[in-house]
Amino acid sequence: MKFKDIKALASVQGPARSTGERLARKCYSVEDMRKLAAKRLPKSIFDYIEGGGEDEVSLRRNRSSFDEWSFLPKWGSVDNLDLSSTLLGGPVSMPVTLSPTGGTRLFHPQGESAAARAALADGIPYGLAHLSTTTMENVSAAAPGLRRWFNLEPTPDKALLQAVLDRVSAAGYEALLVNVDCRAIGHRERDYRNGFTAPPSIKPKTVVEGMLHPAWALGFLANDAIAFPNLDADIPEGPLASSPDMWRTLLAGSYEPTDWDDIQDLRERWNGPIILKGVVNPNDVALAVALGIDAIQVSNHGGRQLDHMATALDVLPDIVDRAAGQLEIIVDGGIRRGSDVVKALALGADACSIGRPYLYGLAAAGEAGVAHVLKMFRSEITRTMMLLGVSTVEELRTEGRDLIRHRNEAFTRTQPTPKADPMGLAHLRTP
């Protein structure tokens, strides 16, 4: 081959002009973003993202459950492929939401505000955790046009509940994400080994890890102390002190008991949509419908609560049958690819929610990292739908069960039923 031929084939790229362009050149999957996040964060902080409860069986099953479903593409034209849909009565540019995550500024100084801005730019909803490290008001100010949902636990303290709801409403949050899987905090052994106890214990290895990750350490030390300002009903005037009592409440799980009566009371107090997050038992779906709940998020809390808990895909078909279209269904846990989203929708979900994937992006590159993760999901969902043979989210949901099969489901061989010829293809059949 001549030199001029080699030169014609060579593609020499100039320096990246933005963080997004740099990520596009080196990160082709969520796993690539995960590796970048692991390099940037001290191990103890990265473990806080990665870890699950006890032996982490649920954590691993969340991922492997998606691998047990295979696609059965259909042949035909795919016209005007469109990822847009509706969720809780409002538009979404693709069937994905960002799940609430606590302690987000541990991973990047921009924290929740960066994730909210990326969600706004992409046209999808964002869930803010009650244990967020940025006030709900500041998140609203950072992304004023965003569809914002607020995450909380039910409480029998009605005065406190009403004060929180008033503040959430005043800050412009349209829906509540109510945890029903946090009656106690899961036994997260990675966190205990790393000093995430009540109160926090700074271990020598944590200090060393911080020194070995100077970019993260500089951002951590140069910004406000980590605080949980949404725990107060009133807007705090300054950073919330990390008192031992607060940390015992957060990490030890000293919650007062609540029941369906508290969900009913919450329904009566809140005029907007309510999503019950953490539903896996199909029997709970009928109760949620009876109380006028708008949606459920089928979830085992990312494998961080009860270990050996069923995964979303384990129970999704039964939950879809039980819901019978009377409420909307969101799925989370183990979602790492756009193809995972397509599988959940094919099984009847209305949308999927991601947590760890966007935290990887945030840890790796702030707002640009979250935006790149969402860009990858959009591209993967589009490509999977194209190859599967569907054009819209609605088509995927209505026809999806014919396009996906579990590895334990047997193929049945039946004689094809003669059909009409609406497409005029009879001339193509072998005589």
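This is a predicted model: local features need pLDDT of at least 70, side-chain atom pairs count only at pLDDT 80 or more; totals for chains, interfaces and linings use all residues.
In this protein, residues 24 or more positions apart account for 73% of the contacts that have a separation of 6 or more, where contact means heavy atoms within 4.5 Å. Residues are numbered from 1 along each chain as its sequence is written, and side-chain values use heavy atoms, with hydrogens and water left out.

The protein has 18 helices and 12 strands; these are DSSP runs numbered from the N terminus, helices being H or I with at least four residues and strands E with at least two. Of its 431 residues, 51% count as buried, meaning under 20% relative accessible area with a 1.4 Å probe and protein chains only.

Let me turn to the core. The largest nonpolar core holds 98 residues, and Leu98, Tyr126, Leu176, Ile296 and Val331 touch the most other members; such a core is a set of buried Ala, Val, Leu, Ile, Met, Phe, Trp, Tyr and Cys residues joined through side-chain atoms within 4.5 Å. Helix H17 gives the most to this core, with 15 residues. Leaving out residues up to four places away in sequence, Leu98 touches, among others, Tyr126, Ile354, Val370 and Leu374.

H17, which spans residues 356–388, also packs against two other helices. The axis of H3, residues 30–40, comes within 10 Å of the H17 axis and crosses it at roughly 170°, the axes being lines fitted to C-alpha atoms over the stretch in contact and the angles running from 0 to 180 degrees between N-to-C directions. H3 and H17 are therefore roughly antiparallel to each other, a term for angles over 145 degrees. Their contact includes Met33 and Leu36 of H3 and His372 and Phe377 of H17. The axis of H4, residues 43–50, likewise comes within 10 Å of that of H17, crossing at roughly 155°, which makes H4 roughly antiparallel to H17. Here Phe46, Ile49 and Glu50 of H4 meet Arg356, Leu359 and Tyr360 of H17.

Finally, is Glu380 buried or exposed? Glu380, which lies in H17, is buried, with a relative accessible area of 6%. Its side chain is joined to that of Arg337 by a polar contact of 2.9 Å, that is, a pair of N or O atoms within 3.5 Å, one able to donate a hydrogen and the other to accept it, with residues adjacent in sequence counting only if both atoms are side-chain atoms.

Key: Angles under 35 degrees count as roughly parallel, over 145 as roughly antiparallel, 65 to 115 as roughly perpendicular and the rest as oblique. Buried means under 20% relative accessible area, exposed over 50%, partly exposed in between (1.4 Å probe, protein chains only).
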